[in-house]
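Please look at the sequence and the structure before reading on.

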Amino acid sequence: MAIKVVKDQCIGCGACVAACPFGAIEMQEDAKAFITEACTACGACVDTCPVGAIVREEEEKQVQMDKNAYRDVWVFMEQADGKLRNVGLELLGEGRKLADATGQKLCGVLIGEAAESLAKEGFAAGADKVYLVEAPEFRHYSTDAYTLTMVDLIQAYKPSVILLGATNDGRDLGPRVACRVGTGLTADCTGLGIDEATGLVAWTRPAFGGNIMATILCPEHRPQMGTVRPTVFKKPAMDYSRSGEIIRRTSRVKPDDIRTKVLEVMKMCTAAVNLEEAEIIVSGGRGLCKPENFKYVEELAAVLGAAVGASRAAVDAGWKPHLHQVGQTGKTVGPKIYFACGISGAIQHLAGMSSSDIVIAINKDPEAPIFKVADYGLVGDVMEVLPILTEELRKLKQA
Ligand code: FAD
Ligand code: SF4
Ligand code: SF4
């Protein structure tokens with residue numbers, strides 16, 4: 001939506017200038033109001049004009065979208081190095097529920113260099129169809145190639161709903177595709193449902209620093225799009241007796257369409273930081289008191305074969321890189337066991353780990369909020385408790 005002044009109607013009264021909280025309206029030499037690039041389209045000026053000379057551009061055009069032409073629930077099946085990322089399977093499990101509740105088909109979208117063998121995973125996770133686009137230019141994720149291909153698929157087959165993982169790739173691809181096809185996108189969702197009154201997808205995500213959960217609908221445009229954090233939903237039980245239809249589409253990407261080139265791939269993601277796929281995570285917070293004490297967390301993680309997480313306070317203090325951060329502005333994790341060591345349990349931290357199966361908290365304050373979500377709690381000094389725990393587990397493992 002853009003705001004504009006209809007020049008012929010403007011009488012130059014200047015009332016709108018003071019009404020704009022962003023200083024985005026200037027009076028020009030011809031005594032007509034002019035809206036500058038500082039405009040955020042907030043709409044505060046529209047009703048202040050006594051002659052109705054300020055209008056929302058969309059009202060003029062009023063895009064009439066035939067929403068009935070859009071059907072089916074799509075899931076972007078993210079893959080890398082010939083392997084599907086878990087998030088795609090998690091979303092197929094949740095997409096199945098949305099598709100069943102609305103009487104639509106569930107479809108996976110596979111884009112890759114040679115990705116056909118992954119389609120069976122999609123069917124096993126619940127997909128009825130898989131749209132497959134294969135070409136050498138999809139060897140590595142590329143913003144240009146993947147955007148063009150997704151847009152081409154959407155225009156050809158018109159899905160009603162598209163779910164993508166809120167991963168590096170999904171967060172890059174989703175908004176770009178949404179903008180190209182003229183729809184909205186709810187980013188970083190932590191819950192999905194169907195709005196009973198409208199039958200639309202109800203996208204839920206934290207807002208205002210995680211203090212409230214906002215539920216967002218996309219009533220006027222299609223497809224309804226959103227990114228969903230990995231591990232928010234569990235992977236569905238895989239049924240390899242299921243099969244489905246593979247719909248192949250030829251890539252329309254030309255070499256010149258891709259403006260970036262992958263020169264080298266450097267793997268930073270060792271097991272210790274692969275938090276989103278980890279079965280056990282040991283996380284440390286400000287209660288570790290100094291960066292050197294992270295060694296206690298790392299030693300326990302090494303014995304358990306676990307990934308190492310950190311609270312934002314520990315990351316902000318420079319004790320661990322952001323790659324390790326768990327929480328609303330870090331990673332969302334869902335391991336079988338989550339150790340919170342010297343972490344208070346602020347709501348923004350809980351937003352990233354509360355779907356863990358078992359939470360074990362170590363904190364010297366018996367009133368710390370983390371104990372409200374913990375299955376097991378140890379009240380004590382983390383620097384004393386962790387070495388004992390590590391040693392005992394090491395002995396158990398050797399035995
Ligand atoms: P603290 O809150 O300072 O807690 C330290 C804990 O250690 C205390 O409970 C204390 O009792 C205990 N302790 C101290 N010494 C010892 C000891 N010797 N032995 C045992 N226990 C001890 N936070 C995140 O973690 N992830 C996020 O993604 C995130 N995103 C945010 C986004 C926004 C918009 C905002 C506003 C905040 C966000 N935060 C996030 C910050 C969050 O609000 C908290 O400030 C942060 O989680 C606190 O980290 P902490 O628990 O390590 O530190
Ligand atoms: Fe200013 Fe908002 Fe009007 Fe834009 S829409 S000119 S930001 S008051
Ligand atoms: Fe023109 Fe309306 Fe602004 Fe007055 S309030 S200057 S008439 S646009």
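## A pair of parallel strands

Strand β19, residues 337-341, pairs with strand β20, residues 358-363, in the parallel sense, and 5 bridges join them. Within this pairing, isoleucine 337 stands opposite isoleucine 358 of β20. The model discussed here is a predicted one.

## The sheet around the pair

Strands β19 and β20 belong to an open sheet of 5 strands, in which the order is β18-β17-β19-β20-β21 and the pairing is parallel. Its edge strands are β18 (307-310) and β21 (376-379), each of which pairs on one side only. From one strand to the next, the twist averages 15°.

## Helices across the sheet

Which strands does helix α7 lie across? Helix α7 lies across β17 (280-284), β18 and β19, and runs at about 175° to β17. Helix α11 lies across β19, β20 and β21, and its direction is at about 130° to β20.

## The contact of α7 with α11

Two packed helices are described by the angle between their axes and by the distance between those axes. Helix α7 (residues 294-304) packs against helix α11 (residues 382-398) at an angle of about 15°, and the axes are 9 Å apart. Angles under 35 degrees count as roughly parallel, and α7 and α11 are therefore roughly parallel to each other. The crossing of α7 past α11 is left-handed.

On the α7 side, the residues that make the contact include Tyr296, Val297 and Leu300; on the α11 side, they include Met383, Leu386 and Arg394. By type, the residues of this contact divide into 11 nonpolar, 1 polar and 3 charged.

## The contact of α5 with α6

At what angle do helices α5 and α6 pack? Helix α5 (residues 143-157) and helix α6 (residues 168-181) pack at about 45°, with 9 Å between their axes. This angle makes α5 oblique to α6. Helix α5 passes α6 in a right-handed crossing.

Among the contact residues are Tyr146, Met150 and Ile154 of α5, together with Asp172, Leu173 and Arg176 of α6. The residues of the contact of α5 with α6 comprise 8 nonpolar, 2 polar and 3 charged.

## Domains of the chain

The protein chain is divided into domain 1 (2-57), domain 2 (67-257) and domain 3 (271-398). The centres of domain 1 and domain 3, taken over C-alpha atoms, are separated by 53 Å.

Technical notes. Residues are numbered from 1 along each chain as its sequence is written. Chains are lettered from A and ligands numbered from 1 in the order in which they are written. This is a predicted model: local features need pLDDT of at least 70, side-chain atom pairs count only at pLDDT 80 or more; totals for chains, interfaces and linings use all residues. Side-chain values use heavy atoms; hydrogens and water are left out. Axes are lines fitted to C-alpha atoms, for helices over the stretch in contact, and angles run from 0 to 180 degrees between N-to-C directions. Helices (H or I, at least four residues) and strands (E, at least two) are DSSP runs, numbered from the N terminus. Angles under 35 degrees count as roughly parallel, over 145 as roughly antiparallel, 65 to 115 as roughly perpendicular and the rest as oblique. A crossing is left-handed if the near helix is turned anticlockwise from the far one by less than a right angle, and right-handed if clockwise. Contact means heavy atoms within 4.5 Å. Ala, Val, Leu, Ile, Met, Phe, Trp, Tyr, Cys and Pro count as nonpolar, Asp, Glu, Lys and Arg as charged, and the others, Gly among them, as polar. Domain bounds come from an automatic or database domain assignment. Two strands pair if DSSP finds at least two bridges between them.
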